[in-house]
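This report goes through confidence, nonpolar cores, domains and sheets in turn. The sequence and the coordinates are shown first.

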Amino acid sequence: MSDFTSEFWHYWIAGVTLISILACFVLLWYSTKVKVAANEDKSTGHVWDENLVELDNPLPKWWVYLFVVTLLFALIYGLLYPMFGKFPGLLGWTSAGQYQAEKDANLAEVAPKFEAFAQKSVQELAADPMAMQIGESLFMNNCAVCHAADARGSLTFPNLTDKDWIWGGEAEAINVSITQGRVAVMPPLAAAVGTPEDVTNVAHYVLSLSGAPHDSVRAAAGKANFASCIACHGAQGLGNTAIGAPNLTDDIWLHGFGVDVIVRQINEGITNIMPPQNVLLSEQQIHVLTAYVWGLSNKPAN
Amino acid sequence: MSDTSKKSSGGPAAATGAKSAIIPIFLEPEKIHPRSVSGFFSNWRWLTVWITQIVFYGLPWLNWNDRQAVLFDLEARTFYLFNLVLFPHDLIYLTGLLVISALALFLFTAVAGRLWCGFACPQTVYTEIYIWMEKLVEGDRSARLRLDKSSHSFAKFGKKTLKHGLWIAFAFWTGFTFVGYFTPIDELGQAVLQASLGPWQTFWLLFYGFATYGNAGFLREKICKHMCPYARFQSAMFDKDTLIVTYDEQRGEPRGGRSRTADLSALKLGSCIDCTLCVQVCPTGIDIRNGLQYECIGCGSCADVCDEVMDKVGYPKGLVRFTTQNGLEQGWSAAQMWRRVLRPRVLIYSAILLLITVALFTSLYLRTPLKIDVTRDSSLMSRMVERGYIENVYRLRVLNATEQVQHYHITVQGLPGLLIDSEAHFSLEPTGSRTQALTLRVPPGSSPAGAHPIRITVQADGDSSLRAETDSIFMVPR
């Protein structure tokens with residue numbers, strides 16, 4: 001892949017590099033043939049400022065040999081690695097390739113541990129302290145950025161330690177959430193609900209479902225309009241984990257609490273995305289991570 | 001280029017009719033075979049050789065607390081020094097050690113010149129050991145010179161092979177010991193015997209061994225002459241009261257041979273009998289009678305051999321001796337020279353050295369083997385949870401620098417009603433560390449909006465001296 005607009009530059013670089021190295025060889029060879037006046041005091045014979053003379057001591061042998069070694073090294077290096085223009089080198093090294101090799105080596109190194117974990121179920125792993133330490137590390141590095149270090153999330157990022165699961169809290173469901181990610185879409189439903197007054201009434205009705213403070217008159221009026229919501233959120237508002245529709249009867253407000261917030265959600269809809277992790281993490285790593293997340297809300301009773 | 005003109009006015013008298021000649025690109029180096037010597041300074045030198053090498057080769061074999069006493073475990077990033085367990089956080093002590101080394105170097109260089117070079121430097125030490133092995137196989141100086149000049153023969157080949165064999169074996173042992181500071185040496189020994197050394201261990205063993213073989217077998221004084229910066233900046237550290245190896249020119253000149261019973265004053269000769277033994281014993285190949293040169297490593301071999309010769313011809317010792325420039329020029333006695341040791345330069349170096357040494361060891365003694373660090377979780381500033389409580393999340397990193405299992409508990413203070421809503425008790429294995437999430441909460445309305453400084457303390461259960469605290473911020477939203 002060329003970074004230049006013209007092929008000429010590759011040959012220019014290769015040429016200058018090669019010629020420079022060869023020129024050094026020539027310089028060394030030429031120096032052996034130089035004739036200089038052999039004065040008794042080993043000077044070149046020139047004198048400046050009455051008594052400033054220039055000596056001409058020969059180079060130490062080891063220094064010359066090292067010089068030759070470095071030149072040979074440069075030639076061999078240029079043969080093996082990319083150095084002469086666009087010639088990729090006999091070893092085919094690239095920085096992307098090195099990164100991939102290091103990643104593969106790292107995965108291969110931890111593979112035996114993960115092999116052992118892959119055989120166990122999520123529940124068994126959740127009881128294994130070593131697996132949970134690894135799971136905690138994976139969580140801190142990959143998940144805590146959104147779900148917070150203590151996994152209790154924040155606004156729009158679900159709390160993974162409670163019993164409220166938008167897409168299902170069984171091990172398989174958690175695994176799918178992590179691996180493939182989730183996209184939760186609530187379409188704007190203001191038109192379906194009715195007038196802005198209707199929307200506010202529905203909001204109060206929703207608040208009443210969980211026992212939160214609300215206006216009972218408005219809530220009663222909103223119950224009829226709630227029909228537009230039943231398709232996803234269910235008749236009692238218990239939600240539907242198959243499509244990611246939250247349970248409206250628990251007192252958990254992922255997107256914020258209050259009438260204004262609910263009204264805006266009905267008017268504008270919501271899209272909430274959990275990105276898929278199978279890009280960065282292997283299947284076995286996700287298995288351990290699933291166990292960790294499952295274990296957060298299924299702690300043994302002791 | 002064939003310029004033979006001599007434009008010197010008052011310059012050195014060049015030979016007339018000088019022919020042009022080819023000066024070779026490199027000079028075939030003249031191998032130096034120092035003659036063996038015994039005497040006062042030689043004894044001291046061999047003592048330092050024994051001490052330094054017993055320490056270097058012996059330390060890795062000592063055990064402490066069921067592990068190697070001195071071990072630099074690079075992979076685990078933990079350095080063990082007998083009772084001390086050091087982590088990268090403790091790098092400041094290495095800095096302190098380096099500063100102390102530098103100041104100590106300046107101090108004794110100002111007092112006694114190149115003591116380090118002649119008596120303790122590994123280059124000198126290993127060169128001496130290698131020359132000793134060479135002498136064992138090939139004989140003393142004259143025998144070695146003869147062997148070098150002789151034509152190839154079976155005997156010569158055998159001797160050279162044996163010598164290099166000894167050198168290589170010693171180099172291997174040295175490389176092995178060096179790597180033994182970083183990998184437990186008994187494991188390393190097993191690995192060598194079973195030919196199961198790891199790639200990096202093999203590399204470093206061979207690298208360090210090869211460096212020892214090359215430096216002490218071949219390069220020798222070339223390191224001192226060309227590569228080591230100490231030779232060059234010694235002139236900045238010496239003054240007229242620094243002890244240096246000196247030839248007493250006044251007493252020695254004019255030099256020349258004479259019979260034992262001759263009258264010196266009648267012959268107008270000095271003490272120097274021009275035996276050239278001082279040149280023959282010099283490991284860097286200089287003639288000390290020309291005065292102090294940068295190549296001189298201050299080993300005192302010339303002083304030893306000259307004293308021996310002076311004894312044999314019945315003259316007083318000390319024609320070549322350790323003395324100071326002032327002492328020599330002004331004919332001071334030993335007592336007068338000693339008084340000059342306590343001069344401002346030496347006193348200032350000593351004072352700073354003492355200060356830093358005391359500071360380092362005090363700091364080490366008072367060090368708490370528990371380190372904590374708190375960072376705010378970057379994913380949120382604060383969050384409101386049920387019933388209006390405000391929570392902040394932190395990442396608490398704890399390092400147990402002891403070699404026992406420790407149980408810790410966390411406490412926090414700084415805001416009314418500040419509580420910990422996560423795991424407040426935990427344990428760490430020896431030299432273990434972990435990062436855990438810390439969730440703090442305050443009741444609604446208990447603090448005004450804004451950033452509040454708080455303090456987090458981690459303390460070992462049952463040991464109030466083992467505690468560490470750090471500050472952070474708690475954010476209450478508007």
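## Confidence

Chain A has a mean pLDDT of 90, with 96% of its residues reaching 70 or more. The structure is a predicted model.

Within chain A, the lowest confidence falls in strand β1 (residues 35-37), where the mean is 64. The highest is in helix α7 of chain A (residues 171-180), at 95. Where pLDDT is low, the predicted coordinates should not be read in detail.

## Nonpolar cores

The largest nonpolar core is made up of 44 residues. A:Leu125, A:Val288, A:Leu289 and A:Ala291 have the most contacts inside this core. Helix α13 of chain A (residues 283-297) supplies the largest share of the core, with seven residues.

Leaving aside residues up to four places away in sequence, A:Leu289 touches A:Gly135, A:Leu138, A:Phe139, A:Ile178 and A:Leu281. Another core, of 39 residues, lies apart from the largest one. Its members include B:Val111, B:Tyr126, B:Val245 and B:Cys296.

## Domains of chain B

Chain B is split into domain 1, covering 30-367, and domain 2, covering 370-476. Taken over C-alpha atoms, the centres of these two domains of chain B are separated by 54 Å. Contact between the domains involves five residues of domain 1 of chain B and five residues of domain 2 of chain B.

## Three-stranded sheet in chain B

An open sheet of three strands in chain B has the order β5-β6-β7, with antiparallel pairing. Strands β5 (70-73) and β7 (84-86) of chain B are at the edges and have a single partner strand each, so one side of each is left without a neighbour in the sheet. Direction ignored, neighbouring strands of this sheet are turned by 10° against each other on average.

Strand β6 of chain B (residues 78-81) pairs with β7(B) in the antiparallel sense over three bridges. In β7(B), B:Leu84 is the residue opposite B:Leu81.

## Four-stranded sheet in chain B

A further open sheet in chain B consists of four strands in the order β15-β13-β17-β18, and its pairing is antiparallel. Its edge strands are β15 (425-428) and β18 (463-476) of chain B, each of which pairs on one side only. From one strand to the next, the twist averages 30°.

Strand β17 of chain B (residues 450-460) and β18(B) are joined over 11 bridges in the antiparallel sense. B:Ile454 stands opposite B:Ser472, which belongs to β18(B).

Key
Residues numbered from 1 in each chain as written. Chains lettered and ligands numbered in written order. Predicted model: local features only at pLDDT ≥ 70, side-chain atom pairs only at ≥ 80, totals over all residues. Core = buried A, V, L, I, M, F, W, Y, C linked by C-beta atoms within 7 Å. Buried ≥ 20, exposed ≤ 12 C-beta atoms within 10 Å, placed from the backbone. Helix = DSSP H or I, 4+ residues; strand = E, 2+ residues; numbered from the N terminus. Contact = placed C-beta atoms within 7 Å. pLDDT = per-residue confidence, 0-100. Pairing = 2+ DSSP bridges. Axes fitted to C-alpha atoms, helices over the stretch in contact; angles between N-to-C directions. Domains from an automatic or database assignment.
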